[in-house]
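The sequence and the coordinates come next.

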Amino acid sequence: QVHLVESGGGLVQPGGSLGLSCRASGSMLSINGMGWYRQAPGKLREWVATITSGGNTNYADSVKGRFTISRDVAKNTVYLQMNSLKPEDTAVYYCNADVKTWGGRRDYWGQGTQVTVSS
């Protein structure tokens, strides 16, 4: 069993910063890509950013230049540093990991952490 646990959400004012982290644990052979998604009220879940096992990163246009994804491979942890936050960044943020286990390879999701950007 693989578990992803996010932390770091909260309330921040527009223009502020917030950092999220997500640690994967369990019986894993390897972790390939890790990433972040978000879902705002009444909207579909959308992709935010991903980072490969080699450290290559990609970002949604809406967060490019403001968010930074990083990864500590040894700690099985992915981070999302969010700067210059806007009210439209308000959402539940979910961590995602592409994990290989003895049972095969599949995506795993965290439980989500709320980020609210409001004055």
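Which residue in β3 does H3 stand opposite? H3 stands opposite S25 in β3.

## Basis of the model

The model is predicted, so local features are given only at pLDDT of at least 70 and side-chain atom pairs only at pLDDT 80 or more, while totals for chains, interfaces and linings use all residues. Residues are numbered from 1 along each chain as its sequence is written, and side-chain values use heavy atoms, with hydrogens and water left out.

## The open sheet

Strands here are DSSP runs of E with at least two residues, numbered from the N terminus. Two strands count as paired if DSSP finds at least two bridges between them. Four strands form an open sheet with antiparallel pairing, in the order β1-β3-β8-β7. The edges are β1 (2-7) and β7 (67-72); each has a single partner strand, so one side of each is left without a neighbour in the sheet. On average, neighbouring strands of this sheet are turned by 15° against each other, direction ignored; the axes are lines fitted to C-alpha atoms, and angles run from 0 to 180 degrees between N-to-C directions.

Within this sheet, β1 and β3 run antiparallel and are joined by six bridges. The H3 and S25 positions given above belong to the description of β3.

## The disulfide

A disulfide is defined as a pair of cysteine sulfur atoms within 2.5 Å. A search of the whole structure finds one: C22 is joined to C95, with an S to S distance of 2.1 Å. C22 lies in strand β3 (residues 18-26) and C95 in strand β9 (residues 91-101), so the pair ties together parts that are 73 residues apart in sequence. The torsion about the S-S bond is about -80°, so the disulfide is left-handed.

Relative accessible area is computed with a 1.4 Å probe on protein chains only; under 20% is buried, over 50% is exposed, and values in between are partly exposed. C22 is buried at 0%, and C95 is buried, also with a value of 0%.

## Pairing around β11

Strand β11 (residues 113-117) pairs with β2 (residues 10-12) in the parallel sense over three bridges. G10 stands opposite V115 in β11. With β9, β11 runs antiparallel, and three bridges join the two; here V92 stands opposite Q114.

The covered face of β11 holds T113, V115 and V117, whereas Q114 and T116 make up the uncovered one.

Contact in general means heavy atoms within 4.5 Å. R38 lies in strand β4 (residues 30-39) and counts as buried at 5% relative accessibility. The R38 side chain makes polar contacts with the side chains of E46 (2.6 Å) and D89 (2.9 Å). Leaving aside neighbours within four places in sequence, R38 is in contact with residues including L44, V48, F67 and Y93.

The side chains of D98 and R105 are joined by a polar contact of 2.6 Å. Not counting residues up to four places away in sequence, D98 touches S30, I31, N32, G33, R105, R106 and D107.

Definitions and conventions: Polar contact = N/O pair within 3.5 Å; in protein donor to acceptor, adjacent residues only side chain to side chain.
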